[in-house]
Amino acid sequence: MDPVRAAFRAECARLAGILTELDETDLDRPTGCPPWTVRELIAHVRTGVGRVTDMLAAPAPPTAQVDAAAYFGAAKFTPEVDAARIAGGRRDARQVDQEALTHLDRVWRAADAAVAAAPPERVVRTRHGDAMRLTEFLRTRVVEVGVHGLDLAAALDRPPWLTAPAAEVIADLLTGGRAVPAELRWDRLTLIRKTTGRAALSGAERAAVDAAGFRWLAFGS
């Protein structure tokens, strides 16, 4: 199995399992992605995972234009786009109750089945209008589920549940495949938390990261 698809499956399955343990009090907790609650962030993640199935049902663009790193460019996260994303998450969250927490499991499994049926060279078009290879877009889904999983874990006062396959895919994207500077002494989880703004960087750490040329992904709200 492709490592990116394996990471997608592992991280979605882990998150879907966690969701079955939540109650209404958990769903109404605030998150570190204001103004979203846990309920709204779950809805946002579920929608993002479901985009895979929708894209594969649409006609394929002739050629790819961007990769996963370019997808997270700051231009894609303007105030207008962020406002629409927040509104969509809140709208979808109205359907997230304890019974609906099982929906993510069905959504990700449908997406995985669609990926399995698609040719390896398949190109899809994102909601931003860019054409990407399917594997590159799936890499962005690993980032979304994995990093927002860190946000949900923090909001729920739980230890991070990031899976090893997802951590490897996300870290590889952030570093461009290069080694982490030895002086940082970071494991993959620390790398991801630090370079996505989930943990603060010291001045020395920021200098080392900038010198290494790590990618700074723009997530918006």
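Reader: Is Tyr71 buried or exposed?
Author: In this predicted model, the relative accessibility of Tyr71 comes to 4%. Buried means under 20% relative accessible area. Tyr71 therefore counts as buried.

Reader: Which residue forms an aromatic pair with Tyr71 at 5.2 Å centre to centre?
Author: By the ring-centre rule the model has 2 aromatic pairs. In the one with 5.2 Å between the centres, the planes stand at 90°, which is edge-to-face. The partner of Tyr71 in that pair is Phe72.

Reader: What is the relative accessible area of Phe72?
Author: The cut-off for a buried residue is under 20%. Phe72 counts as buried because its relative accessible area is 1%.

Reader: What is the angle between the planes of Tyr71 and Phe137?
Author: Tyr71 and Phe137 form an aromatic pair with 6.0 Å from centre to centre. Planes over 60 degrees apart count as edge-to-face. The pair is edge-to-face, and its planes are at 85°.

Reader: How many residues apart in sequence are the parts that the pair of Tyr71 and Phe137 ties together?
Author: Tyr71 belongs to helix H4, residues 68–71, while Phe137 belongs to helix H7. Both Tyr71 and Phe137 are buried, and together with Phe72 they form one aromatic cluster. The parts tied together by the pair are 66 residues apart in sequence.

Reader: Where is Leu134, and is it buried or exposed?
Author: Leu134 is placed in helix H7, which covers residues 134–155. Its relative accessibility is 5%, so Leu134 counts as buried.

Reader: Which residues does Leu134 contact beyond its neighbours within four places in sequence?
Author: Met55 is 79 residues from Leu134 in sequence, and their C-alpha atoms are 9.2 Å apart. With the neighbours within four places left aside, the contacts of Leu134 are Leu56, Val115, Ala118, Arg122, Val123 and Val124.

Reader: Why are H3 and H7 described as roughly antiparallel?
Author: Helix H3 spans residues 38–57, and its axis lies 10 Å from that of H7. Angles over 145 degrees count as roughly antiparallel. H3 and H7 are therefore roughly antiparallel, as they pack at an angle of about 170°.

Reader: How many nonpolar residues does the contact of H3 with H7 have?
Author: On the H3 side the residues include Val38, Leu41, Ile42 and Met55, and on the H7 side they include Leu134, Phe137, Leu138 and Arg141. By class, this contact has 3 polar and 4 charged residues, and its nonpolar residues number 14.

Reader: Which residues does Arg5 touch, not counting those up to four places away in sequence?
Author: Arg5 sits in helix H1, residues 3–19. Its relative accessible area is 19%, so Arg5 is buried. Without residues up to four places away in sequence, Arg5 touches Asp112, Val115, Ala116 and Leu138.

Reader: How many helices and strands are there in the protein chain?
Author: Read from the N terminus, the elements run α-α-α-α-α-α-β-β-α-α-α-α. The chain has 10 helices and 2 strands.

Reader: What share of the residues in the protein chain is buried?
Author: The chain exposes about 10,200 Å², and carbon and sulfur atoms supply 52% of that area. Among contacts between residues at least 6 apart in sequence, 73% join residues at least 24 apart. Of the 221 residues in the chain, the buried ones make up 50%.

Technical notes
Residues are numbered from 1 along each chain as its sequence is written. This is a predicted model: local features need pLDDT of at least 70, side-chain atom pairs count only at pLDDT 80 or more; totals for chains, interfaces and linings use all residues. Side-chain values use heavy atoms; hydrogens and water are left out. Helices (H or I, at least four residues) and strands (E, at least two) are DSSP runs, numbered from the N terminus. Buried means under 20% relative accessible area, exposed over 50%, partly exposed in between (1.4 Å probe, protein chains only). Contact means heavy atoms within 4.5 Å. Axes are lines fitted to C-alpha atoms, for helices over the stretch in contact, and angles run from 0 to 180 degrees between N-to-C directions. Angles under 35 degrees count as roughly parallel, over 145 as roughly antiparallel, 65 to 115 as roughly perpendicular and the rest as oblique. Ala, Val, Leu, Ile, Met, Phe, Trp, Tyr, Cys and Pro count as nonpolar, Asp, Glu, Lys and Arg as charged, and the others, Gly among them, as polar. Accessible areas come from the Shrake-Rupley method with a 1.4 Å probe; for residues, only the protein chains shown count as cover. Rings of Phe, Tyr and Trp (its six-membered ring) pair if their centres lie within 6.5 Å; planes under 30 degrees apart count as stacked, over 60 as edge-to-face and the rest as tilted.
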